[in-house]
Structure formats: structure tokens, C-alpha cells
Amino acid sequence: MIEITIPKLGLTMERAKLGRWEFSSGDAVKEGETILVIETDKVSFDMPAPSDGIIHPIVPEGITCAVEEIVGYLAKNREEYERIIEEHPFGEAEGTEKVETSQAGAVSQAGQPATMPPSSVGPKGRIKASPLARSMAATNNLALSAIAGSGPGGRVVRIDILRVLEEAPAIAGERVERPPQEISKGIAIKEISESIPIQGVRRVILDNMHQSLSQSAQLSLHTEACAEPLIALRERFSRDGEKVSFNAILVKISAMALRLHPRINASVEGDNIRVWRQVHIGVAMEANDALIVPVVRNPDIKTIREIDHEILELIQKTRENKLSLDDLANGTFTISNLGFADIDFFTPIIRPPESAILGVGRIIKKPSVRNDHVIPEARIGLSLTFDHRIIDGAPGARFLKTIKEMVEDPLLMIS
Amino acid sequence: MSNREISCSTALREALEEEMERDDTIFIIGEDLVAHGGIFGQFEGLPERFPGRVIDSPISETCIVGSGVGAALTGMRPIVDMHFADFVTTGMDEIANQMAKIRYMFGGQAKVPMVLWAPDGGGLSAAAQHSQSLESWFVHIPGLKVVAPSEPSDVKGLIKAAIRDDDPVIFFQHKRLFAQTGHVPEDEYIIPIGSAAVKRPGKDITILTYSRMTYLCLEAAEQLAKEEIDVEIVDLRTLKPLDFALIAESVKKTYNVLIVHEACLTGGFGGEIAARIGEELFDYLDAPVMRIGAKDVPIPFSPVMEDFVLPKVSDVVEGVKKVLNR
């Protein structure tokens with residue numbers, strides 16, 4: 001008789017939900033066949049049969065169990081099976097939803113709503129557009145490559161831009177089917193339109209967000225940096241038209257800034273402030289309706305290209321739902337980029353047990369004063385939330401200032 | 001206010017009469033002026049009205065322009081009649097090297113307040129030596145002002161400004177427009193040199209034109225209006241100095257430009273305007289600036305061939321559609 005237990009898939013994994021049994025009680029299974037799909041916060045895992053046998057699940061699907069908890073048995077033969085079903089009837093397991101939400105579940109991150117900014121790598125080659133269309137597109141932040149030209153030879157002209165601008169709200173606004181609404185008469189009525197169970201990833205996010213804000217003292221600072229050097233650096237790193245992402249550069253900048261301000265790279269553990277030797281930076285992404293924060297390991301000792309490559313891999317894994325728990329664990333700092341949604345500044349929420357998170361805003365041209373002249377200049381918004389329990393305002397501000405200085409002069413990264 | 005309509009010829013004569021009445025330093029010199037009242041009858045009545053101030057000259061443009069320059073230097077305000085604009089070639093040294101440059105070469109101590117009146121343009125079967133539009137030669141000579149009006153009221157207002165100007169002005173008046181009538185106010189007015197005018201407001205495309213082509217473009221605009229193309233017509237009136245502010249205002253409204261002149265295309269003034277629009281209004285252009293001008297050949301005598309060579313209403317209609325990709 002073999003006990004089927006919830007495996008510990010990552011160092012920090014505490015519990016998992018039984019997603020689906022692939023076999024019913026009494027079915028014969030072969031070694032290696034998937035018998036059970038379990039779901040952790042953000043990854044699902046196909047559990048193979050440890051050997052040939054007759055399966056007998058005891059925990060129903062949808063129940064959350066602790067790691068190592070027995071959820072079923074594998075009998076060597078019919079006789080053993082008969083005995084097992086007598087001793088362990090289906091549904092007898094203790095487990096389950098009673099398992100307390102672990103507060104230490106560092107994996108069950110949550111963080112803040114965020115995703116990677118959309119790629120701005122345009123197709124190669126010149127786009128035909130009238131000068132007016134070009135300046136209109138620039139003014140309205142439209143990508144010419146995405147606009148069909150109706151002018152001679154497919155040239156993008158004014159009416160094409162006007163058409164896109166007219167259509168834009170329709171494209172941006174999602175169409176949502178709504179049940180017909182009736183205006184309730186008399187007393188105010190509040191009816192439930194939809195009820196979404198708070199479970200799985202949502203439960204984790206909810207708990208973590210609440211824990212974060214209720215158990216630490218969060219302070220957010222905002223600053224703005226000239227983004228021209230950042231843009232220039234990205235251009236210089238482009239190879240065969242493949243650009244590194246702004247996030248990769250910002251991960252590197254944050255890592256180098258953390259090296260200069262090690263006390264930011266810390267956690268509260270009991271009566272101690274633990275300053276971490278390693279820097280691991282989580283990059284907030286949006287996946288399947290939920291926030292997920294895979295972690296780039298040791299970006300302080302990696303090149304920007306390596307970091308970029310790693311982030312791309314993490315994005316790929318996120319999309320394909322193939323992140324391992326270790327991809328998510330043990331971050332020491334987080335970056336959340338909301339620039340894609342035209343956000344300039346925000347107050348990101350720390351992912352416990354981390355103590356700081358960088359919120360990155362959009363890059364946009366703004367009037368800037370240089371030598372008493374107003375010039376157009378690309379600017380980027382930077383927000384830093386940190387745990388004021390262990391990081392005072394001044395050191396927090398100095399850390400953000402270091403990041404700003406590195407954004408404006410990336411050479412400082414190697415200082 | 002009266003609604004009187006008079007011809008360009010009458011408007012010119014009226015202006016000269018009023019100016020000569022006002023200022024007795026003004027005189028007219030040219031060929032066959034007293035006997036015929038000018039080759040187009042444009043000076044009719046003036047020799048009788050102002051005896052001795054309308055002077056017939058020998059048949060020598062060198063002499064005629066030279067006399068004008070000399071008289072201007074002594075404080076007179078001569079109006080030199082070129083008979084046909086084509087004849088400036090023989091007076092070219094006096095125009096380009098003397099008339100245009102004297103003020104500069106004497107450090108501003110001398111001035112040449114004269115008008116070179118030059119009837120130009122084709123369309124009268126007058127053949128290659130009597131049908132040219134030569135304005136682009138003169139915009140290329142610093143020191144000259146170049147005027148080319150279309151309607152009678154502009155002729156009157158601008159010739160007055162030209163006479164009163166202390167610098168030499170070449171005043172091109174299109175031969176086909178002498179009989180063109182239009183409203184001219186009776187009260188005195190002056191149209192400053194260097195001011196263009198919107199002759200037809202529109203929103204889809206700007207046509208920059210001058211002289212006779214203004215009428216041609218107005219006709220084309222009426223046709224295009226039927227196809228819901230709203231054309232704005234800017235009559236430049238003065239080519240140098242150019243009223244670029246008004247051009248810019250119009251282009252910033254329509255984003256499309258067609259330039260129409262009767263002079264042949266290559267080296268024509270349209271190229272100059274197009275270049276400036278490219279330099280200064282690039283971001284407002286939704287299509288390349290296009291030009292329409294006469295074909296690059298001497299103007300033929302045959303009416304059929306002359307019609308073929310000179311810009312037509314249909315050329316303008318097609319040009320507009322090409323710019324607008326319609």
C-alpha cells in the first residue's frame with residue numbers, strides 16, 4: 001500500500017488544492033500515469049502514479065490540503081484495495097479547508113496589480129505616412145505601424161489617424177454583456193448580480209494584501225526622472241531590432257541600488273531585521289486574471305541582457321502556466337510597472353516579507369526646464385513604497401534618489 | 001456703397017488718374033502711349049488730362065527703362081510701360097543691375113521709386129515672344145518687388161501702393177484680364193504690397209495662385225464643390241515680398257496644397273513656395289505639395305496648341321484630386 005500525499009514542490013510550498021482526480025476508486029493505474037492534478041497558488045502540477053496499482057482517493061476534489069497530507073492510497077492488488085476502502089472510506093480525510101492560511105507562505109505572493117508593459121518593438125522598415133499623420137500619431141501616442149494607410153501606396157494620411165482616433169474608444173472599452181437593468185422603484189434595492197467565491201489565487205492575494213497593509217507601516221514616495229538616457233541605453237542594447245525591456249534595465253538598476261542601500265533589502269523576522277545577502281527581484285505580471293510575481297535571481301550579478309532573457313522566460317512560463325513554485329519564492333524586492341496603463345505614480349503594496357517595492361510609471365514627453373529653457377523631454381514616474389517600521393523616511397528617500405540618478409545616468413550602476 | 005463693376009483696364013486708369021492728380025512727380029513713359037493711349041488702351045484719356053506727363057519714347061527698352069531709373073534718381077516717380085512683359089529682355093541690365101541695385105550700392109542714399117508696368121501672360125494667340133509669364137526671373141533679383149494682381153480692385157489698390165513705394169516695383173498685369181470686370185470701391189483705398197488674400201474660403205485643400213490663374217482656379221473650385229471638395233483659394237497678389245503668414249494659416253487649416261501658375265513649371269515660382277512650405281510647414285502636410293504650370297515649351301501661336309500648353313480648369317480639377325487622392 002502506497003500513501004498518496006501532497007508533494008512539496010518548492011521550498012516554500014505549504015499547501016495545495018486537489019484540482020482533479022484522473023481516476024475513480026478501484027481503477028487500475030500504471031506507474032507514471034497522471035493520477036491527480038494539484039493546484040498551488042499559481043501553478044498546477046500533474047502528479048504521476050508512484051507505481052502500478054489500484055487507486056483509492058479519500059479526499060474529494062476542490063479541497064485544500066497541507067503538504068504531506070494523505071489524499072489517497074494505491075493498493076498493490078484487489079485484496080489490499082478491499083481492505084483500504086474499509087479502513088479509509090472516501091471523504092474521511094481530516095484535512096483540507098481547515099488548514100490555516102499560512103502567513104509565512106512567501107510563495108503565495110500577491111503584490112499589486114501589474115503586468116509587463118506591452119512590447120514597443122515595432123516592425124522593421126519604414127512606415128509610409130504623411131508628415132501630418134506622423135505628427136498626429138505622435139501627439140496621440142498611436143503606433144503608425146498599427147494603422148492601415150489609405151493614401152497613395154498605402155501611405156498613412158490624416159483621415160486614417162482620424163478614423164483610428166474615432167474608433168479608439170470603442171476598441172479600448174470592452175463590451176460586457178450585462179443583464180437588462182430595471183430601475184427599482186420604492187425602497188432602494190441591492191441585489192447580487194454575480195457571486196465569485198474567494199478562493200485559490202484570489203484568496204491568497206486577498207490574504208497577502210490584507211496582511212501586508214495590516215502588519216506593516218507603509219510609506220510611498222514619488223519622484224520623476226528624465227528617461228532619455230534610459231531610452232538611449234535601451235536603443236544601444238538592441239540587437240537585430242530586438243530590444244531589451246525597460247523592466248530588465250530597471251531590475252538591474254534596482255539591484256545595483258539595493259547593493260548601495262543594503263538595509264532596504266531586508267525583512268522583519270520576529271525581533272530581528274534580517275538583511276539579505278542575496279538580491280532577488282520579483283517582477284509583477286498579470287496572468288489568468290491574477291497577479292503573479294516571478295522572481296529574477298541575483299540580478300545584481302547578472303547582465304541586463306541576461307536579466308532580460310530571464311524575464312522573457314518567466315513571461316513565457318507565466319503564460320503557459322508552467323511556473324514552478326521556486327520561480328515565485330524568496331523575493332527580496334519587487335518591481336511593478338503600470339506604465340502600460342498610462343499611470344504616472346501609484347502606491348504599490350509591499351509583498352511581505354519584503355520591505356520595499358518600486359512602482360514604475362509610464363514614460364512620456366513632458367516640458368522640462370533645462371538651462372532656463374523649456375524643452376520636451378521623456379520623463380518616467382517612480383514610486384517607492386517601503387516598510388517604515390524598519391526603513392526611515394530619509395534612507396528610503398535616498399534609495400529612491402539613487403534609483404532616479406541611475407535612471408538618469410545608467411553609468412552610475414557600475415560605481 | 002455702390003456696387004459698380006469696372007474692368008481691370010478702367011481700374012488701372014482710375015488709379016493712375018487719381019495718383020497723377022495727387023502727385024505731379026508721377027509720369028508715364030513708353031511706346032505709343034499718346035497716339036494710342038497704350039497698346040491696350042489702358043492709358044486712354046491720360047495724355048489729354050496730364051499734358052507732357054505721358055511721354056512717347058523711341059523703340060528701345062534700354063532707353064525707356066534707363067530714362068525711368070534716371071528720372072527716379074532725380075526725385076520723379078516714373079511709371080515705365082514695357083508694352084509687353086516679354087520686352088524686358090532688352091532692358092534687363094537697367095532693371096537687374098541698375099534699378100534693383102542702386103539703393104544698395106549707394107548705401108541707401110539714393111532711391112529708385114519707379115514702377116515697371118508689364119502686361120504679361122498668354123491666351124491671346126500672340127505667340128512665343130508676346131505671351132510669356134516671366135515673374136520668376138524677377139523674384140530672383142534682390143531689390144525688386146514683384147506684384148501680379150488678378151481682380152480689378154486689387155489692380156487699383158496695388159498700383160497705388162506700387163507708385164507710392166520708394167523702391168522699384170515690377171507690376172505684372174495679365175493681358176487676358178484687362179477686360180475682366182469686378183467690383184471696385186469708389187472711395188480711395190490702398191492694398192499694401194506683400195499681402196495675399198483668400199479669394200474663396202474652403203477646408204479641404206489650399207490652392208496658391210495669382211494673376212489670371214486665380215479665375216481659372218475659382219472655376220475649378222466650383223466644379224470640385226459639386227464633388228464635395230471644398231477648395232480654399234489664396235490669391236498671392238504680391239510674389240515678393242511673399243505673404244507667407246497667410247499661406248501658413250491656410251495650410252494649417254487644409255493640410256493640402258496645390259500651386260497653380262501660368263508660367264512654365266520648371267524654375268517657376270511654385271517651386272519656391274513649395275520649398276518654403278516643406279521647410280516651415282512640414283508637419284502640417286498630409287500629401288506632397290503639387291504644382292501646375294504651363295508645359296516647358298515656348299507658347300505656341302496656334303490657339304489649339306496654346307490651349308494645350310497653358311494650364312486649364314480641368315488640369316486644376318485633376319491636380320486637386322491627385323493631391324487629395326480622390
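B:Val260 stands opposite B:Ile292, a residue of β14(B). The model is predicted. The strand pair here is β13 (residues 257-264) of chain B and β14(B), which run parallel and are joined by four bridges.

These strands belong to an open sheet of five. Its order is β9-β11-β10-β13-β14 (chain B), and the pairing is mixed. The edges are β9 (197-200) and β14 (290-294) of chain B; each has a single partner strand, so one side of each is left without a neighbour in the sheet. On average, neighbouring strands are turned by 25° against each other, direction ignored. Helix α13 (residues 313-324) of chain B packs on this sheet. It touches β10 (205-209), β11 (231-235), β13 and β14 of chain B. The direction of α13 makes about 160° with that of β14(B).

**The seven-stranded sheet of chain B**

Chain B also holds an open sheet of seven strands, with mixed pairing. The order is β3-β2-β4-β5-β7-β6-β12 (chain B). Which strands stand at the edges of this sheet? They are β3 (54-56) and β12 (238-240) of chain B. Each has a single partner strand, so one side of each lacks a neighbour in the sheet. Neighbouring strands are turned by 20° against each other on average, direction ignored.

Inside this sheet, β6 (residues 145-147) and β7 (residues 169-174) of chain B run parallel, joined by three bridges. B:Val146 stands opposite B:Ile170 in β7(B). Helix α8 (residues 152-164) of chain B packs on the sheet. Its contacts are with β2, β4, β5 (115-120), β6 and β7 of chain B, and its direction makes about 160° with that of β7(B). Another helix, α4 (residues 61-73) of chain B, lies across β2 (26-30) and β4 (77-81) of chain B. Helix α4 runs at about 170° to β4(B).

Chain A has nine helices and 18 strands. Of its 415 residues, 37% are buried. Among contacts in chain A between residues at least 6 apart in sequence, 67% join residues at least 24 apart.

How many residues of chain A are in contact with chain B? Nine are, and they meet eight residues of chain B. Helix α2 (residues 131-139) of chain A gives the most to the chain A side, with four residues. By class, that side has five nonpolar, three polar and one charged residues.

**Backbone exceptions**

Most residues other than glycine have a negative phi, and most peptide bonds are trans. The table lists backbone features that depart from this pattern.

| Site | Feature | Value |
|---|---|---|
| A:Pro352 to A:Pro353 | cis peptide bond | omega near 5° |
| B:Lys240 to B:Pro241 | cis peptide bond | omega near 0° |
| A:Asp342 | positive phi | phi near 60° |
| B:Glu228 | positive phi | phi near 60° |

A:Pro353 lies in the loop between β16 (333-337) and β17 (356-370) of chain A. A:Asp342 lies in the loop between β16 and β17 of chain A. B:Pro241 is found between β12 and α10 (244-254) of chain B, in the loop there. B:Glu228 sits in the loop between α9 (213-226) and β11 of chain B.

Technical notes
Residues numbered from 1 in each chain as written. Chains lettered and ligands numbered in written order. Predicted model: local features only at pLDDT ≥ 70, side-chain atom pairs only at ≥ 80, totals over all residues. Pairing = 2+ DSSP bridges. Helix = DSSP H or I, 4+ residues; strand = E, 2+ residues; numbered from the N terminus. Axes fitted to C-alpha atoms, helices over the stretch in contact; angles between N-to-C directions. Contact = placed C-beta atoms within 7 Å. Buried ≥ 20, exposed ≤ 12 C-beta atoms within 10 Å, placed from the backbone. Nonpolar A, V, L, I, M, F, W, Y, C, P; charged D, E, K, R; others polar.
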